[in-house]
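Open the model in a viewer and keep the sequence panel beside it. The stops below say what to select and what to look for there.

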Amino acid sequence: MARVKPTILIVDDHVEMARLLADQLGDAGYAPTVAASGVEAVALVKTRSFDVVVSDLRMEEVDGIDVLDAVHAVDPMTPVLIMTAFGGIESAVQAIKRGAYHYVAKPFQLDEVLVYVERALDERRVRDDHRALRRWAAERAGFGVLIGKSPAMQKLYALLERVAQSQAPVLIRGESGTGKERVARALHFEGPRKAAAFVAVNCTALPESLLESELFGHVRGAFTGATSSRRGLFAEADGGTLLLDEIGDMPPALQAKLLRVLEEGEVRAVGSDAPRKVDVRIVAATHQDLEERVRSGGFRQDLYYRLAVVPVAVPPLRDRIEDLPLLAEHFLARARERNPSSPVQRLAREAVAALGRWSWPGNVRELENLIERLVVIGVDDVVQSADVQALLPSVPGSAPLDDAKRAMVTLDQLEREYITWVISQCGGNKTRAAEILGIDVSTIYRRQRGSH
Ligand SMILES: Nc1ncnc2c1ncn2[C@@H]1O[C@H](COP(=O)(O)OP(=O)(O)OP(=O)(O)O)[C@@H](O)[C@H]1O
Ligand SMILES: [Mg+2]
């Protein structure tokens, strides 16, 4: 790609002087524009932006300081170089105090101006890159409400970004506490349905008959106790998203009814003959092995295919242990808000490392609860690794080998645990861990996925 020439505005009421400078800057590879007065310059900077402004200080009516202010009113980051004619070093210093990038005293060598212009542009580029990087990092630290920037989560975000825009049913899988409900919310709030409702229902929590009327609604008098009619969650989620959480626990009779709703796009309230059209995006979640439930006859295969159009796997925390420090910080901040009288301010590095050695069978929820406990019972401003170990007695103080020996695990398991441990010792840096382990970093990713 051809590099765009940096634009420079040259402001001087000595037009010849300005033209001369413009020619020379043009030869040096810049795209100069001349303003023959402060008034002209102020009008110009309101209509277009310049990478650098070079302005004379002393001008009739509108002087260099006014130009400086006008430029910075539009973009405070634009470097403004001030040219000053008489030894007015004082006024030049004033200009710098007001935010000018630098000043050159007339008469000057072109080289002098060039050096400052180049330096200003370089600094600006670095700053812009830095800002872009920070913005990118901030965005990439999460997708919507999700936290984590591990490769596993990046992969998930990339998938969610595409899926959020579609209407296809999504099946979210993942161990308990991995954030399945969060993922469902992110899908809704990052997608085109965000203005409508996000409704979640847990299929485990309710007995079959109640779940049915909860989902599809009921008319008054449909059954004993139905003293008024109810719209049902499908109707509430119309235009939005309905999360069917723990779908694996949905009773078979309801599975059949749900399948019909999905096929026909309409619901029938309990006790009513009149179907109602609904436009609901279905997101189902489960921690169960749904294929196994299908094989054993507990879950309808046809419904399974309907729901699992897009499978989304949420990784367990131990497979993205490098996200732990970030998550721990997040939960610490929230726990501190909830417990303002707690003296706990932060976690010692060693404490975070100790957290990284735990296997987190309860995943993110377990971490969240543990941090809350640390904040509630903490008596010091800094949480130490001993405090963590007091709550997680089986966290190995050193290498995981001791535990492994006790439990007599397979080499495979030991390898996985050891890799995880070394990563946590390296503060989540997998490249560094790979160096220590003497293996390729891609091997780490492969092993953590459980393939060889
Ligand atoms: N990536 C994440 N960023 C921030 N918080 C998270 C993340 N993942 C999970 N959490 C938090 O962890 C807790 C558990 O998440 P969630 O309820 O979504 O998990 P789940 O997979 O639905 O669990 P279960 O299978 O037990 O229902 C919640 O408090 C949630 O806010
Ligand atoms: Mg859940």
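**First stop: a five-stranded sheet**

Select strands S7, S8, S11, S6 and S12: these 5 strands form an open sheet in the order S7-S8-S11-S6-S12, with parallel pairing. Strands here are DSSP runs of E of at least two residues, helices are runs of H or I of at least four, and both are numbered from the N terminus. Two strands count as paired if DSSP finds at least two bridges between them. The edges are strand S7 (198-202) and strand S12 (310-313); each has a single partner strand, so one side of each is left without a neighbour in the sheet. On average, neighbouring strands of this sheet are turned by 20° against each other, direction ignored. For such angles, axes are lines fitted to C-alpha atoms, for helices over the stretch in contact, and angles run from 0 to 180 degrees between N-to-C directions.

This is a predicted model, in which local features need pLDDT of at least 70 and side-chain atom pairs count only at pLDDT 80 or more, while totals for chains, interfaces and linings use all residues. Residues are numbered from 1 along each chain as its sequence is written, and chains are lettered from A and ligands numbered from 1 in the order in which they are written.

Now zoom in on S7 and strand S8 (residues 241-245), which run parallel and are joined by 5 bridges. Which residue of S8 is the bridge partner of Val201? The partner is Leu244.

**Second stop: the other sheet**

Select S2, S1, S3, S4 and S5, which form an open sheet in the order S2-S1-S3-S4-S5, again with parallel pairing. S2 and strand S5 (102-105) are the edge strands, each pairing on one side only. The twist from one strand to the next averages 20°.

Strand S1 (residues 7-11) has 4 of its 5 residues buried (20 or more other C-beta atoms within 10 Å of a residue's own, with C-beta atoms placed from the backbone). S1 runs parallel to strand S2 (residues 31-35), with 5 bridges between them, and Leu9 stands opposite Thr33 in S2. S1 also runs parallel to strand S3 (residues 52-56), joined by 4 bridges; there Ile8 stands opposite Val52.

**Last stop: ligand 1**

Select ligand 1 and the 15 residues around it, of which Ile147, Gly179, Lys180, Glu181 and Val364 come nearest (a residue is near if its C-beta atom, placed from the backbone, lies within 6 Å). Helix H7 (180-189) and helix H15 (363-377) each give two or more residues to this shell.

How values were computed. Buried ≥ 20, exposed ≤ 12 C-beta atoms within 10 Å, placed from the backbone.
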